[in-house]
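The following exercises concern one protein model. Each task is followed by a solution worked in steps.

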Amino acid sequence: MSEDTDTILKNIQSGNLQEFEKLFREYYPLLCHYALRFVRDTNQSEEIVQELFCQLWENRKTLKIHTSLKAYLYKATYFNSLQVLRKRGVKKKYQEYIKNNKQENSLPIDSVEEKDIHNIVNRTLTNLPDRCSQIFKMSRFEGLKYQEIADKLSISVKTVEANMGKALKAFRKSLKDYIGIIVL
């Protein structure tokens, strides 16, 4: 990319989608590879970078970059990868806690929260478009990788990724009050 950061950023901030796509095409594979070094999961590294570009586009009008755009993208990928690793740690601790304390320490309020969360998850799944819901279930409930889902549904991996992005966004919104309790 030969243009300077200011020009590229101004074009993206003004809503120039072609400039954004050019940036995405150039950095997506590089950033996925970079994130993979930390999270060691191809699908998760792709999710990290897709989320980064989604945030970049959504916040483009207020975005201020004081370094080079390249440095910003790599630094953001690094911090987002660390966040994923932290969530993994929390999830693992939570699973161990549940495993060790499940029967005897189950308080009525725990089951109320579980029931609430279960209802919200079902409602969110119902409100998603059919294809999006199906892809989310295949990924999270059946444990299929994006490529396996794409092969089963005869669609591209990018379509799977886009639908997972929509589903995760919907779940984040609907479960915002329970984010400390669960990890998607």
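**Exercise 1. The chain as a whole**

Among contacts in the protein chain between residues at least 6 apart in sequence, what percentage join residues at least 24 apart?

*Solution.* The model is predicted; local features need pLDDT of at least 70, side-chain atom pairs count only at pLDDT 80 or more, and totals for chains, interfaces and linings use all residues. Residues are numbered from 1 along each chain as its sequence is written, and side-chain values use heavy atoms, with hydrogens and water left out.

Step 1. A contact means heavy atoms within 4.5 Å. Of the contacts between residues at least 6 apart in sequence, 63% join residues at least 24 apart.

Step 2. The protein chain contains 8 helices and 0 strands; helices (H or I, at least four residues) and strands (E, at least two) are DSSP runs, numbered from the N terminus.

Step 3. Of its 184 residues, 33% count as buried. Buried means under 20% relative accessible area, exposed over 50%, and partly exposed in between (1.4 Å probe, protein chains only).

Step 4. The average pLDDT, the predictor's confidence in each residue from 0 to 100, is 85 for the protein chain, and 89% of the residues score at least 70. Among the elements, H2 has the highest mean (94) and H5 the lowest (78).

**Exercise 2. Helix H4 and Thr77**

Determine how Thr77 is placed in helix H4.

*Solution.* Step 1. Helix H4 covers residues 69–101. Its 33 residues reach 47 Å from the first C-alpha to the last, close to the expected 48 Å; the expected span is 1.5 Å times one less than the number of residues.

Step 1. The buried residues of H4 include Leu73, Ala76, Thr77 and Asn80. Their cover includes helix H1 (5–13), helix H2 (17–39) and helix H3 (42–58).

Step 2. Thr77 has a relative accessible area of 1% and is therefore buried. Leaving aside neighbours within four places in sequence, Thr77 is in contact with Leu31, Tyr34, Ala35, Ile48, Val49 and Leu52.

Step 3. A polar atom of the Thr77 side chain lies 2.8 Å from the backbone oxygen of Leu73.

**Exercise 3. The cores and Ala167**

*Solution.* Step 1. A nonpolar core is a set of buried Ala, Val, Leu, Ile, Met, Phe, Trp, Tyr and Cys residues joined through side-chain atoms within 4.5 Å. The largest has 21 residues, and Phe136, Ile149 and Met164 are among those with the most contacts inside it.

Step 1. Helices H5 (108–127), H6 (130–141), H7 (146–153) and H8 (157–174) each supply at least two residues of this core. H8 gives the most, with 5 residues.

Step 2. A second, separate core of 18 residues includes Ile8, Leu31, Cys32 and Leu69.

Step 3. Ala167 lies in H8 and is buried at a relative accessible area of 0%. Leaving aside neighbours within four places in sequence, its contacts are Leu128, Cys132 and Phe136. The C-alpha atoms of Ala167 and Ser133 are separated by 7.2 Å, although these residues are 34 apart along the chain.

Conventions
Polar contact = N/O pair within 3.5 Å; in protein donor to acceptor, adjacent residues only side chain to side chain.
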